[in-house]
Amino acid sequence: MVKINEHYANIGNNYLFSEVARRVREYKAAHPAERVISLGIGDVTREIAPAVIEAIEKATREMSSPATMRGYPPEAGYDFLVEAIIEHDFHPRGVRLEADEIFVSDGAKSDTGNIGDILGQDNLVAITDPAYPVYVDTNKMAGRQVELLPCHPANSFAPPFPSCPADVIYLCYPNNPTGTTLSASQLKTWVDYAIEHRSLILFDAAYEAFISEPDVPHSIYEVEGARRVAIEFRSFSKTAGFTGLRCAYAVVPKELTAIASTGEEISLNALWRRHQATKFNGTAYIIQRGAAAVYSPDGQQQIRAVIDYYMQNARIIKESLERAGLTVHGGINAPYLWVKTPGSLTSWEFFDRLLNEARVVGTPGSGFGKSGEGFFRFTAFGKREETLEAVERLKGLL
Ligand SMILES: *Cc1c(COP(=O)(O)O)cnc(C)c1O
């Protein structure tokens with residue numbers, strides 16, 4: 001008889017967004033004439049850059065001729081994309097990477113979720129709290145022990161070190177859901193920690209393109225020593241609206257090793273290559289052509305305009321909530337605003353109040369982990385008119 005992976009019994013069901021959807025559905029059923037506006041969207045809404053569309057169209061036409069059609073792509077990505085990534089995302093920041101340290105993929109969700117496949121079950125894992133749910137859930141699926149590192153205003157959202165030495169540490173900066181960042185010196189304390197304890201940092205930089213302040217590191221490799229201890233994840237999803245196209249990449253430096261039971265040091269770059277060669281057959285050629293077009297001069301200008309649009313939304317939300325007397329974190333280097341609920345309202349109580357009295361939807365902070373209780377996440381990914389109307393409605397309420 002077939003048996004399940006028992007660890008799957010330990011993961012919560014995806015309660016957060018389905019519960020949000022359920023409450024919105026119920027409200028709409030009871031108030032059919034009312035228009036609900038969402039500031040909770042975790043997905044991009046602007047159209048994809050014309051430079052990207054053109055590149056995808058051209059690559060699609062190449063597929064129609066035997067001379068230029070492509071079959072299976074290289075597992076770790078085409079050279080044209082890997083070279084563009086290294087040249088544009090890392091060289092300008094003084095980070096040197098080699099082509100075989102980049103692994104192009106279909107998403108940072110799959111990368112951050114699958115990376116655990118190459119790590120032993122007995123690793124102690126530290127994860128900031130609140131967090132992108134993939135980190136906790138995939139480690140529970142693998143049966144690993146997780147220690148949560150609470151991040152709140154009292155520690156300025158800088159995670160404390162784990163109570164016992166962690167083998168694997170997840171850091172996501174700029175952060176989803178809090179929108180906060182770590183300075184270079186804060187990040188350096190984690191790199192030093194990882195060097196001292198021989199731990200591995202999994203650094204999720206999906207929101208790198210939203211950084212606006214000059215002193216915020218864009219890559220963990222800007223910190224000395226990070227090549228020995230960190231894997232970095234990047235994605236075209238939020239940077240260039242690729243949530244529906246699917247393209248991302250992981251950086252696995254060749255200095256990175258982990259220990260085998262024999263005592264031997266094993267290259268994580270080699271292990272991840274083995275993993276991808278076995279379980280992944282590459283990102284579509286036409287999509288990689290689209291991703292490479294993000295780095296063209298037109299592409300850069302076009303995606304910058306979209307990011308500026310979202311960040312203008314963030315400013316609008318932040319200023320109006322602060323004028324209403326709320327405490328707002330984030331929204332400067334990330335498209336997320338992390339708002340303290342007024343009084344002693346729980347995240348879900350505040351959700352219900354916003355929905356019922358302002359017809360505005362956001363995401364309850366408690367859904368991202370225990371330390372998110374009493375907070376609420378707004379996103380800047382909405383349309384300008386709706387963002388403006390939502391903050392107008394909130395003014396009347398708060
Ligand atoms: C959106 C997001 C990603 C991107 O995932 P893709 O699979 O590349 O779309 C990764 N990490 C975090 C924290 C995110 O919010």
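**Entry 1**

I started with Lys-254, which forms a salt bridge with Asp-100, the closest N and O atoms being 2.8 Å apart. For this notebook, a salt bridge is a side-chain nitrogen of Lys or Arg within 4 Å of a carboxyl oxygen of Asp or Glu. I then looked up where the partners sit: Lys-254 is in the loop between β8 (248-251) and β9 (257-259), and Asp-100 is in the loop between α3 (79-90) and β2 (102-105), so the pair ties together parts that are 154 residues apart in sequence. The names follow DSSP runs numbered from the N terminus, with helices (H or I) of at least four residues and strands (E) of at least two.

I checked accessibility next, where buried means under 20% relative accessible area, exposed over 50%, and partly exposed in between (1.4 Å probe, protein chains only). Lys-254 counts as partly exposed at 34%, and Asp-100 counts as partly exposed at 35%.

A note to myself on the source: this is a predicted model, in which local features need pLDDT of at least 70 and side-chain atom pairs count only at pLDDT 80 or more, while totals for chains, interfaces and linings use all residues. Residues are numbered from 1 along each chain as its sequence is written, and side-chain values use heavy atoms, with hydrogens and water left out.

**Entry 2: salt bridges within helices**

How many salt bridges are there by this rule? I found that the count comes to 23.

I picked Glu-19 and Arg-23, whose side chains meet at 2.7 Å, N to O. Both lie in helix α1 (residues 15-30), four residues apart, about one turn of the helix. Both Glu-19 and Arg-23 are buried.

I also looked at Glu-322 and Lys-318, which meet in a salt bridge at 3.1 Å, N to O. These two are four residues apart in helix α10, so about one helical turn separates them. Are they buried or exposed? Glu-322 is partly exposed, with a relative accessible area of 37%, whereas Lys-318 counts as buried at 15%.

Then I found a network: salt bridges that share partners join Glu-19, Arg-22, Arg-23, Glu-26 and Asp-352.

**Entry 3: α10 beside α12**

I stayed with α10 (residues 297-323) and looked at α12 (residues 384-397): their axes come within 10 Å and cross at roughly 5 degrees. The axes are lines fitted to C-alpha atoms over the stretch in contact, with angles from 0 to 180 degrees between N-to-C directions. The two helices are therefore roughly parallel to each other, a label for angles under 35 degrees.

The contact (heavy atoms within 4.5 Å) includes Tyr-309, Ile-316 and Leu-321 of α10 and Leu-388, Val-391 and Lys-395 of α12.

**Entry 4: strands**

I traced an open sheet of four strands in the order β11-β12-β15-β14, with antiparallel pairing. β11 (328-330) and β14 (363-364) stand at the edges with a single partner strand each, so one side of each has no neighbour in the sheet. Two strands pair if DSSP finds at least two bridges between them. β11 and β12 (residues 336-340) have three bridges, and the partner of His-329 is Trp-338 in β12.

Last, I looked up β3 (residues 124-129): five of its six residues are buried, so the strand is largely enclosed by the rest of the structure. β3 pairs with β4 (residues 145-150) in the parallel sense over six bridges, and Thr-128 stands opposite Leu-149 in β4.

Methods
Angles under 35 degrees count as roughly parallel, over 145 as roughly antiparallel, 65 to 115 as roughly perpendicular and the rest as oblique.
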